[in-house]
Amino acid sequence: MSSTTVAAPLKKRTPVRPGRVLLHVFLAGTALAWLAPLLWAIFSALRPYSETSAKGYVSWPDKLSFDNFTNAFEQSDMLHYFGNTLLIAVPAVLLTLFLSSCVAFYVSRFDFRVNLALLLVFTAGNLLPQQVIITPLYRLYLLTNLPGITASGKLYDSALGLVLIHVAFQSGFCAFVLSNYMRSLPHELTEAALVDGASVWRLYWQITLPLCRPAMAALATLLSIWIYNDFFWALVLISTGENMPITSALNNLSGQYFTDPNLVAAGALLTAIPTLIVYFALQRQFVSGLTLGSAKG
Amino acid sequence: MTTDTTTKSPEAAAVPPPGAAPQKKRVTQGHRRLLTRRDRITLAAMAGVPTLLHVALVWVTAIASILLAFTTWDGIGFDSIKWVGLDNFHQLFSDNPQFWPAVQHNVIWFVVLILIPTPFGLFLAVQLDKKIRFTRLYQTAFFLPVVISMACIGFVWQLVYNPDTGLINSIIGANKPGHYIDWIGDPKLNLWAVLIAASWRHAGYMMILYLAGLKSVDPSLREASALDGANEWQTFKNVIFPTLRPTNTVVLVVTIIEALRAFDLVFVFNKGAQGTELLSILVTNNIIGESSRIGYGSAIAVVLLVISLAVIIPYLIATFRKERRA
C-alpha cells in the first residue's frame, strides 16, 4: 500500500473507526487460523521425536531445533529428487512457453479462420481432468520404444516422457493467454517489418516476443509452480522411485525414511520451500498470471 | 474476467467496429503476399509442431479412452483387443460397489466447494478490497495454501487429523484407546475431514479471482449507490454482485473442474480408502493396482470425460462467441 492511498481516505474514515477495528480483528484472526495447520506442521517439525512421544504433541517445547529438517533432507537424499524435478521442470517450462508462443503468434497474426478452432482445441484439452487420458497415455508410453535415448528405453519411466506430457497439457492454457496478449499488440508493427522484408522468424523472435515479456514472465512463474507441484503424472508414468520428482517422491519417502510424524512434517515442509520462495519473490507475476487466464482449473 | 478485457478493449481501439471484419481480411491477405517459401515453412512448423504434440498426447488419448471403453485388452499385443460393446459400462454401473459412492463423493465435493469456501472467498475479497491497511499481508496468508502442492497439503493435514498424534485429537483428548476419533480411516468422517482441507485451499483461490473481478468494477457505481443512500449490503447485493457475472462464470467452471480433478489430496490422505472414493481414484487404482483392466478403466474415464465436456464445451463456446463479437 502506498502512503497516498492510505492518507486520502483517512480524513473521511475517522467516524467509522470501530467498524474498521472490528474488521482488522476479524481478518487477523482468520488469517492466523488459516496459517494454523502450517504453523502446527512447523512446530511439530522443530521438536525432537523423543520429546513429543514422552510429553504429547500439544505441550510446551523444551528444545527446538532444525535436526528433523537436516535428518529428513540427508536420510532420504532429497537433493537427488530436487535434481530430478529441476531436470523435468526447466525444459518443460521453456518448451511450453516456446511452443505456445509459436501457436499464439500464428493464430493471432496470420490465420484468423483457424484461430478460434485451434484455440478451442487447446483450451478444452487443458481443462480435462488428467485421469481422462491416463489409461491410453500409460499404454502409449509403455509401447513407445526409445532405445538409447532414455535410460529406461521407453517413454515410460523417463524424464522425457514427463516433460512431453507437461508441455502438451500446459501449452493449451498458455497459447490461449498469449494469443489474447498478442492480439492486443498493434498490427502495424509486424506489418511494417514484413513490408521491409523481414522474415517471419524475425517477426516472431525479435519483434513480437520482446513485447510479450510481461505475459511470459507471469506464465513462467505459474508454470514453474504448477509443474513443480504436479503429483499425478509422475505417480503413474514413473515406476522407479529413484526417477521421481520431489513432489511425487514424497509419498514413497514418507513410508521409507520418515519414520515419525516430526520427520514427515519436516520433509513435507522442505518440499514446499522452493514454491514459497518463487511465490514470495514473484507474487505479482503469479497472481497476474492466475487472473490473466482465470479459466484455468 | 481479465482475459476478456485484454482482448476486447485493445482490438476495439485498433480497429473501428463496423469495418472490423473486412479490414482483418485485408491484413491477412497483405501478409500472405509478402511471405516467401521459407516463411511459409516456418509458419507451418510454428503452428504444426505444438498442435501435433498437444493433439497426439491429449486428444488422441482422450478418443482412445472412449474406444477402449468398449473393448477388453490385456495391453500386450494389438490383436488381443476385443470388442465387447457396453459390457464394461454394465459392469461398472451394476457390479462395482465403489462406482456410485465415487460419483456421489465427486458431487458432494463440488457442492461443498461451491457452498462454503466459494462464498467465503468472495466475502474475504470484498473485505480486502476496501483499501485497508495490511491487505497484502492478509491476502498472502489466505493465498498461501494455493501455492503449496496438494500432496504437501495432504501431509500437513494428516498431522492435524492423525488419531494418535494429531492436533485435533490431542486437544480434545480423543487420542487415548477407547476414545479414538479416526478422522482418516472412519468412512463416515474422512470425506468431510478431507473436504475441510480442500476448502481451506479453495477459499484462497476464489478470493484471488474475486479480487481481480472487484478491481474491474467501476468505482462510480459504488459512489452512486452510496449517494442513493444504500447501505453496504444493499450496494453489494444490487450493484456489485451483478457486475461480477463474468467472474462468477469463471468461478463456477473452475470449481466444477476442481471437483472432477480432485485426486492428490485424497491419494496422500488415505489412498481413496472406503469413504473417500472418487472417480479419479478409481481410474488410477485400475492402472497402478494389481489387476489392470484397460477397457474397464477407460470406461470410468469416459464417465469423467462426459461430465467434464458437458461443462467445458458450453463454457468455451460462450467465451469464444463473446470474443468473436468483440
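User: What should I know about numbering and chain letters?
Analyst: Residues count from 1 along each chain as its sequence is written, and chains are lettered from A and ligands numbered from 1, in the order written. The model is predicted: local features need pLDDT of at least 70, side-chain atom pairs count only at pLDDT 80 or more, and totals for chains, interfaces and linings use all residues.

User: At what angle do α4(A) and α14(A) pack?
Analyst: About 75°, with the axes 8 Å apart. α4 spans residues 67–75 and α14 residues 261–281 of chain A. Helices are DSSP runs of H or I, at least four residues. Axes are lines fitted to C-alpha atoms over the stretch in contact, with angles from 0 to 180 degrees between N-to-C directions. The two are therefore roughly perpendicular (65 to 115 degrees).

User: Which residues of α4(A) make the contact?
Analyst: Asn68(A), Phe69(A), Asn71(A), Ala72(A) and Phe73(A). They meet α14(A) residues including Leu263(A) and Leu270(A). Contact means C-beta atoms, placed from the backbone, within 7 Å.

User: Switching to chain B, where does UniProt put the transmembrane regions?
Analyst: The unreviewed entry lists residues 41–70, 107–128, 140–160, 191–212, 250–269 and 294–317 of chain B. Such annotations may be inferred rather than shown by experiment.

User: Helix or strand in 191–212 of chain B?
Analyst: 100% helix and 0% strand, with end C-alpha atoms 31 Å apart. Residues 294–317 of chain B are also 100% helix, with ends 32 Å apart.

User: What about 158–182 of chain A?
Analyst: That span is 96% helix and 0% strand, and its end C-alpha atoms lie 35 Å apart.

Key. Parallel < 35°, antiparallel > 145°, perpendicular 65-115°, else oblique. Contact = placed C-beta atoms within 7 Å.
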